Amino acid sequence: MKKFFIAAVLLTTTIFTAMAQNKGSFDVYEFDGFKLHVYNTGDALGDASYIVEGKRGLVTIEYPLFKDNVEEFNAYISKLGKKVKNNIADYHIGGSGDIKMVMVEGMPEFMKGNVYGGMMQNFAQAFGDSMAELPEIEAKEVAFGKTIKIAGVPFTFNHGASSDFPGASIIIGGQVYYSHWAPSKSHASNLQFGSAAAVDAELEAARAALASGCTLFIGGHGGAVDKDALNFRIKYLETVKANLNLSKDAFVKAMEKAFPGLAGEEGLGALADALCK
Ligand SMILES: [Zn+2]
């Protein structure tokens, strides 16, 4: 018994040391004309941040929200040895300090409003001092449909899902598709789908992502996934849509039957409450 106790203490110490050294994890993807660095923060919100590395500099997207992640992200950036030209924020503002900010049109206004302000206040109450200091929102706004070039890489700002307005879907170098939520291989959450109209909006947005010709799909939630995940998501949303007129119980059963063993089954009841009559 004593032996086991010592082993357990050692194990705990090892885990804590490892956590202190590596909070999140990085993945790197090579594309024509740029590299994409994906940072899965491992934070309490499960958010992801990104660095686009062009020949002439770096562009960060969705800077991390927590101090320890910001520290790890900044240390990684300094090893790349290039200047950060801009930070793009699309709902997720973080500890980007004095980096020049770019947002889609309407996002700065939205961030000053009650909905966003209330959410950030809730975060501040829940997470307190572990949150990074947020930058003053003085962003350059890019109109929907417009392409801007930063660090030699083109970024096209399109409309995201209409249920997620004013969030943008951003096409990076014609090859990577950023949206607020990356397509996930799990059951839909009632947090993302509050109504049947949101299913239509997300389906339309997912089809637009597929039509873009991009090969990697990334999000502030969900990290980076391939086209398989997007195709799965489209099939999944079509199935949700086809079952919307069922009773709540029948909806849950139909979804379980259509996607046996898929993660997130425990949330189907709440999803049925939000979507079915
Ligand atoms: Zn978000």
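Student: Which residues of α6 are buried?

Tutor: The buried residues of α6 are L230, R233, Y236, L237 and V240; buried denotes 20 or more other C-beta atoms within 10 Å of a residue's own, exposed 12 or fewer, partly exposed in between, with C-beta atoms placed from the backbone. These five residues cover an arc of only 120° around the axis, which puts them on the same side of α6. The arc is that of the directions from the helix axis to the C-beta atoms. This is a predicted model, in which local features need pLDDT of at least 70, side-chain atom pairs count only at pLDDT 80 or more, and totals for chains, interfaces and linings use all residues. Residues are numbered from 1 along each chain as its sequence is written.

Student: Why do residues three or four places apart point the same way?

Tutor: An α-helix has 3.6 residues a turn, so such residues point the same way. In α6, the face turned away from the buried side carries the exposed residues D228, K235 and A242.

Student: What covers the buried residues of α6?

Tutor: The cover includes α5 (196-211) and β12 (216-221).

Student: How are two packed helices described?

Tutor: One gives the angle between their axes and the distance between the axes. The axes of α5 and α6 come within 10 Å and cross at roughly 155°; axes are lines fitted to C-alpha atoms, for helices over the stretch in contact, and angles run from 0 to 180 degrees between N-to-C directions. The two helices, α5 and α6, are therefore roughly antiparallel, a term for angles over 145 degrees.

Technical notes
Helix = DSSP H or I, 4+ residues; strand = E, 2+ residues; numbered from the N terminus. Contact = placed C-beta atoms within 7 Å. Parallel < 35°, antiparallel > 145°, perpendicular 65-115°, else oblique.
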